[in-house]
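Here is a friendly walk through a two-chain model. Please keep the sequence and the 3D view open as you read.

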Amino acid sequence: MDNKEKLSQIWGGIALPVMILAAADGRCRTVYQNGAADALCSGQNLLDRIPQELCGRLADDTLSLSEGDKPFFCFLDGQVFSLIPFQWESYRVCMFHDVTDYYNQNQRTLNDAIMANKAKTSFLSEMSHDIRTPMGAIIGMTDIALMQPDIPVRVSECLGKIKVASGHMMSLLNEVLDMSRIESGRILIQEEDVDLADLLHEILTVTRPQADAGQLHFSLKLGQIAEERLRADSVRLKQIFLNLLSNAVKFTPPGGEVELSMEILPAEIPGSVFMKARVRDTGIGMSSEFLGKVFVAFEREEKSTVNKIQGTGLGMAITKNLVELMGGTIAVESKPRAGTCFTLEIPFQACKDEESLHIRALRGRRVLLLDADAARAKMTADMLDQLEMKTDLASTAAEAVELINDMSFSDDEYFALLTAEKIPDVEMLLFLPQIRQRMGIHFPILLLSENDWVQMEYVYTRAGIDGFIPLPLFRTRLSAQLYAFTPEARLAHEASGQSHWNFQGKRILLAEDNEINREIALELLGMANLQIDTVENGRMAVERFRQTSPDYYDMILMDIQMPVMNGLEATRAIRNLNCADAQDIPIVAMTANAFVEDVKNSLDAGMNAHIAKPLDMEQVYSTLELFLGRKKG
Amino acid sequence: MKDYQTQYIANLTRAAQLGEIRAELSPDAEHFWEERQKNRAAIVRLVKENTSLLRANLFPVLDNIASASREEIKDLEEFALALIPGGRQLDVMLSYTIHNTLIAYARQWELRDLLIRELYHTAMAVYYLHTMIQDIAPERYRWKMQLLFGEAASYIKLYDEIEDPETRGYIHRSMANLALGYSSSPPATGKRKMETIRRSLQILTDPVFQAKTPSLPWDLYIYKSHQERTTSLSFLRSGGADAQTTREVMESAEYVRDRQKRDSERTGQPPSLRWSVVYESSQYHCGILTLEAFLKRLEEFYLSRDPSDYSPDGSYANLFLPAIYSQYVSQNRQYLQAKKEMISHMYRMMLRYVRNAPAQQMSVSLMRSIMDTFASFIEYPGGLQQKDLLLQMVVCRNPETFVYLQMTACVSRMLLERTIQEMPQLLLGVLGYDTVEEITAARQELADLAYGCGMFHDIGQLNFAKMTTMAGRIWFKEEQEIFRLHTKVGAAILARCESTQLYADAAAGHHCYFSGDGGYPDGYDRTEHPNQPIVDIVSIAASFNRLLDNNIDYTKEPLSLPQALEHIRLKAGSRFSPDLVRLLLEMEPELEEYLRDGRMQAYRLAFQYLKNEDPLP
């Protein structure tokens, strides 16, 4: 009896499809397949019909088809089989078990579950969204009621409680909304240039008062800061830190500590960095059981100390999701009564370095620094020194005025005033407007402050402050702020997008009878390095053009209304001249008359374009470029 | 003001009067037509006179503005203001041109008070231009307006140095008007608007500022700012608002209502309907009223209006209310079934109101209300169709445009039939018909399509009715450019409703060149529109009719039939399809026959519509 017959006797009668395989060198070949297997693949080799990956696994010595308990499914002609492999003598036997019904049923259940989950998410999100509007009305109306004069104490107490409760409800709604957006993939990380200084400042303005209210000691520790400006989603990044910090504050009893530490370290890829941050507290901590669930939505630890504190159990889930959306990781360590420590690592791209440009523009300029806090003043002065700027320090208002007076008799001048928010014995809101008046509208006055600018902006802008530099002070921030007021920055700003406005080597003829208009045009056009000849009427323009060699002028700018000969006649005369470029020279009309018909008349007379008066630099330059560029091309 | 300036304004007013449609004074269409022709000739004389007044007297001064005398500057200022008296838009573009030039003058001679004032007035003129096209080209003027208001407002820094109380007033007004640049969507702009109002109100309510310039109407400024804060609120419901904003809106709403009540008690007049509606709408947007309740309130307001009241409040009730009502229903379709009768009723009444309106009452802002209605027009089976209301609006705003459209429709249909007969292959692809047999079999359907496209291709003109009917001078280049937006306006309106959506391509593409190399609007791609052959037909028919009689620029001399055909012929292959041009030229006898009575027939139809109290089906 040969091998095949033997196999047929043993396996041939089995109703399930069976393959007998021989394995060698990690590959399989079919030794025998029974009738049921033949029927399944119309007499072909069944092994050829199963996925390549599975064949490899069947050849594997360990014969592990599945990872863990997961069955391996094989799809054949609309049927689903579960493969059951085992070792028999020297062969690998593989049985096919038809599980189509079971599989389909499971798949349906799964689909239903996915649909139901989606429906839940969208229901939650719609619902919270719709509740938010009337909720806003309740909160707003409560505020309005609280602001009314002479409300009875009892009523104001009730209103106060409504305010607190509706505030909680609103934050709950917002969190549910955020969570459902995360689940449905609707939150996108929107990167922009973020100044670390701004980010930290904004975080601190929220956290510090919270910590103070909880009688906690809050501290910020900065390690190496390899880059101060990052490409990041500032709103979401702030949300991450505020979530962590507000939790730390909430779960730390009075007298405890909360600490935020941060480093920006260079990453291996040039231009990238990663942020390493830690939020540590000395609060109530978490049990080791809960530690595993801290990032799961709607989970809160069941204990009395926690139950007293408002929360949805969503904050940490949202935080983790946001960190992961940014490509980062978050980890937590905690022990009951010993505090909690969250550690974050998030990668970022660094922004393009602009600092060297800033330093070039600021180098050697003199700043008046007004600050009564000697230690802080020294730090600021050191930083200005690093920017190669000169600093005069004043610690009182009178000293500042003396320095200003001294300066007005010297041949140097102050580039800007940097001032602290408070100076002893002087009302800054009265003092600063006086300085503004003295130094003129273009003199930059900048305020250094730890407080929220939004709260102060109104008052201080009125007092003549141009801008605000947040503390803690960062060098790039300081240099960028100061740079904005340099003539270089103004020029760069004006020329932004129009760096091509340079017509070096181009010569134009300007025909304009009004002397002041000629002056204005000369000034305007001169800025783009044009050479300009002027004439006072059309006749002179024709003459001048006739006398010059061909291609001497690149363009003629022509007023329409002129004595002796107007612009239209002059244009016709030029076009009729018998010179080489009389037909080609671009002639552009300049007039306030922008009637369709008259614009058409000037084109009919042979002009190429029309620029409206009063001259708008942008329009003049783009028209010039149109023709000068074209001619060159 | 100088004599020419007074004369110019008088001419503008006269031209507007001559444009009034007074069908009730005519016994028959022939008489009506004769009257219109007579008036039109008079208007042309005024337009020519006004144009030369400006050419001879104004532009030379503007050209050399830097050397103008103080007296000339003062006259120019007065003239520019008189062109938009109390917000009535007699000639916004000219006013803008003058104010803008005065800015250059003020900068040149460093006249700060004049500069601030002119920045404000220029910005206001830009605002009026902005409102005309804000739905279709929201960014065209917005930045300019913000730049001007912003610069004027920035002088708040030098407040103490500026002594003139009037100039200080302009600073405050500019600051408040920065809010005008923000619409309610997207939510972010709604938010910016609220921040802008907050900043401005902070200063307006500051006792220090009030004490500095006691002569300014602080109350009025504050009141207006609160009013502004209660409009354009849809961002509140789209998640754009924080609790503070909602609270501020509600405060402002109460502030405005209290003030309305007080004024009403003092004068014995009922409170303004407009601000009552705005109040209710703020309650809805803040979450106090449900939409159901809010719509109910709107209905009550609507039913209590006076249908013959042409005061601002009356116009608001009769024209603007239907627009916002249908806007809310169209955004919340679940109410459609319950509210459709009400909506149809409003549309019908609206038409009646517009038909009976005295011409000088039809301000630009009311035209906007009409356009707003079409922007949210609701059509349903068995109800009023947008196409019928659109046509009637055209008839009662500008019968000549109706005549032009009617004739374009007829010529389009004639040309279509000719095409089916001679070159049906040109029409392959139209309405999905891919063979010559199918095209021939669908003759009637295609003829109807060509007729409808001709009838509605220029419907976007409604948005610019003021420019087309009462200009009183020839156009500026800038106006020509704005007017080109009529293609986009028309296409947007037509595409919204089933009864008109097939005509949208014709509205969008009838100014595009056949060669693909010219015309407007930018971005119109001929290859994207399967019905393009019909658009090409309408293009020719429209240009042809405009050459025979220009319904927009009255100063254009009408051409004879052979002249018009010659004009068309010259543009075969570039502007027009050479095949269609050939067919049109072959149709000369047929066209001659049609033109013998075609214009008068169209006029008779217009007249009949105008005389009929209820012309809607």
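Two strands count as paired if DSSP finds at least two bridges between them. Helices (H or I, at least four residues) and strands (E, at least two) are themselves DSSP runs, numbered from the N terminus. With that in hand, look at β3(A) and strand β4 (residues 79–88) of chain A, which pair in the antiparallel sense over 4 bridges.

Before going further, a word on the source. This is a predicted model, in which local features need pLDDT of at least 70 and side-chain atom pairs count only at pLDDT 80 or more, while totals for chains, interfaces and linings use all residues. Residues are numbered from 1 along each chain as its sequence is written, and chains are lettered from A and ligands numbered from 1 in the order in which they are written.

(Axes are lines fitted to C-alpha atoms, for helices over the stretch in contact, and angles run from 0 to 180 degrees between N-to-C directions.)

Further along this sheet, strand β1 (residues 18–24) of chain A pairs with strand β5 (residues 91–98) of chain A over 4 bridges, again in the antiparallel sense. L21(A) has R92(A) in β5(A) as its bridge partner. Contact here means that the C-beta atoms of two residues, placed from the backbone, lie within 7 Å.

**The parallel sheet of chain A**

Which order do the strands take in the sheet with parallel pairing? The 5 strands form an open sheet in the order β19-β18-β20-β21-β22 (chain A). At its edges stand β19 (531–535) and β22 (609–612) of chain A, and each has a single partner strand, so one side of each lacks a neighbour in the sheet. Neighbouring strands are turned by 25° against each other on average, direction ignored. Strand β18 (residues 507–511) of chain A runs parallel to β19(A), joined by 5 bridges, and T534(A) in β19(A) is the bridge partner of L510(A). Helix α20 (residues 567–576) of chain A lies across β18, β20 (555–559) and β21 (587–591) of chain A, at about 150° to β20(A).

Chain A holds 22 helices and 22 strands. Its C-alpha atoms fill a box of roughly 125 × 80 × 50 Å, taken along the principal axes. The radius of gyration of chain A is 39 Å, whereas a compact globule of 633 residues would have one near 26 Å; the value is taken over C-alpha atoms, and the globule rule is 2.2 Å times the number of residues to the power 0.38.

The contact between the chains takes 30 residues from chain A and 35 residues from chain B. On the chain A side, α4 (100–147), α18 (515–526) and α21 (596–604) each supply at least two residues. The largest share, 10 residues, comes from α4(A). By class, the chain A side divides into 16 nonpolar, 10 polar and 4 charged residues. (Ala, Val, Leu, Ile, Met, Phe, Trp, Tyr, Cys and Pro count as nonpolar, Asp, Glu, Lys and Arg as charged, and the others, Gly among them, as polar.)

| Helix pair | Angle | Axis distance |
|---|---|---|
| α8 (187–204) and α10 (218–229) of chain B | about 160° | 10 Å |
| α5 (112–133) and α6 (139–153) of chain B | about 160° | 8 Å |

α8(B) and α10(B) are therefore roughly antiparallel to each other (an angle over 145 degrees). The contact of α8(B) with α10(B) has 7 nonpolar, 2 polar and 2 charged residues. Residues meeting there include M194(B) and L201(B) from α8(B), and W218(B) and I222(B) from α10(B).

α5(B) and α6(B) are likewise roughly antiparallel to each other. Their contact has 13 nonpolar, 2 polar and 4 charged residues.

Notes
Parallel < 35°, antiparallel > 145°, perpendicular 65-115°, else oblique.
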